[in-house]
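Let's take a walk through this model together. Keep the sequence and the 3D view side by side as you read.

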Amino acid sequence: EKLIEILETLQVALNEHRIPNYFYEKWNMLKNVANHKILAVKEKVFRILESPVYYMLAALHDLHFDKNFYPGFSVRTEELFNILNTDPKYLLQFSLSQPQTQKSEFMGAVTLKNVNDDLPSAT
């Protein structure tokens with residue numbers, strides 16, 4: 001919920017081409033950013049707001065933890081994605097305890113790395 005709120009605020013700021021500096025409000029952080037770069041970020045934010053669950057799954061899918069990470073964190077993102085994209089009639093028979101062997105096209109196509117690669121660099 002809060003993430004969506006932040007992204008919506010970012011979307012408004014990008015549309016206005018104005019993100020004030022935290023310490024000095026009169027300074028516009030987007031003043032010297034090329035319009036094509038702002039447009040690219042606007043498109044990404046729009047896509048994320050259109051399908052936040054899928055982008056969150058992609059982000060979770062790309063998380064890698066150290067073997068000694070505490071507490072343990074296990075997310076079956078491909079299984080969650082398949083559940084979200086399955087015919088509801090099939091879901092009545094579906095059990096989360098049964099592992100899914102089918103690879104998800106989404107997880108291969110959209111990952112956090114892909115999303116980050118598309119964003120313009122800060123330079």
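Of the 123 residues of the protein, what percentage count as buried? The answer is 21%. Please keep in mind as we go that this is a predicted model. The protein exposes about 9,800 Å² of surface, and 57% of that area is supplied by carbon and sulfur atoms.

Next, the overall layout. If you look at contacts in the protein with a separation of 6 or more, 53% of them are between residues 24 or more positions apart.

Let's turn to how helices pack. Two packed helices are described by the angle between their axes and the distance between the axes. Start with helix α1, residues 2-16, and helix α2, residues 35-50: their axes are 10 Å apart, and the packing angle is about 150°. Because angles over 145 degrees count as roughly antiparallel, α1 is roughly antiparallel to α2. The crossing in which α1 passes α2 is left-handed. On the α1 side, the residues in this contact are Ile4, Leu7, Glu8, Leu10, Gln11, Leu14 and Asn15. They meet Ile38, Val41, Lys42, Val45, Phe46, Ile48 and Leu49 on the α2 side. Sorted by class, the contact of α1 with α2 holds ten nonpolar, two polar and two charged residues.

Between these two helices runs a loop, and a few residues in and around it deserve a visit. Histidine 17 sits in the loop between α1 and α2. Although histidine 17 is not a glycine, its phi is positive, at about 55°. Is histidine 17 buried, exposed or partly exposed? With a relative accessible area of 32%, histidine 17 is partly exposed.

Asparagine 28 also belongs to the loop between α1 and α2. Its relative accessibility is 16%, and because buried means under 20%, asparagine 28 counts as buried. Asparagine 35 is exposed, with a relative accessible area of 55%. In sequence, asparagine 35 and histidine 17 are 18 residues apart, while in space their C-alpha atoms are 8.7 Å apart.

Now move along the chain to another helix pair. Helix α3 covers residues 52-61 and helix α4 covers residues 77-84. At what angle do their axes cross? The axes of α3 and α4 cross at roughly 160° and come within 9 Å. That angle makes α3 roughly antiparallel to α4. Here α3 passes α4 in a left-handed crossing. In the contact, Val53, Tyr54, Leu57, Leu60 and His61 of α3 meet Thr77, Glu78, Leu80, Phe81 and Leu84 of α4. The residues of the contact of α3 with α4 comprise seven nonpolar, two polar and one charged.

Notes: Residues are numbered from 1 along each chain as its sequence is written. This is a predicted model: local features need pLDDT of at least 70, side-chain atom pairs count only at pLDDT 80 or more; totals for chains, interfaces and linings use all residues. Side-chain values use heavy atoms; hydrogens and water are left out. Axes are lines fitted to C-alpha atoms, for helices over the stretch in contact, and angles run from 0 to 180 degrees between N-to-C directions. Helices (H or I, at least four residues) and strands (E, at least two) are DSSP runs, numbered from the N terminus. Angles under 35 degrees count as roughly parallel, over 145 as roughly antiparallel, 65 to 115 as roughly perpendicular and the rest as oblique. A crossing is left-handed if the near helix is turned anticlockwise from the far one by less than a right angle, and right-handed if clockwise. Contact means heavy atoms within 4.5 Å. Ala, Val, Leu, Ile, Met, Phe, Trp, Tyr, Cys and Pro count as nonpolar, Asp, Glu, Lys and Arg as charged, and the others, Gly among them, as polar. Buried means under 20% relative accessible area, exposed over 50%, partly exposed in between (1.4 Å probe, protein chains only). Accessible areas come from the Shrake-Rupley method with a 1.4 Å probe; for residues, only the protein chains shown count as cover.
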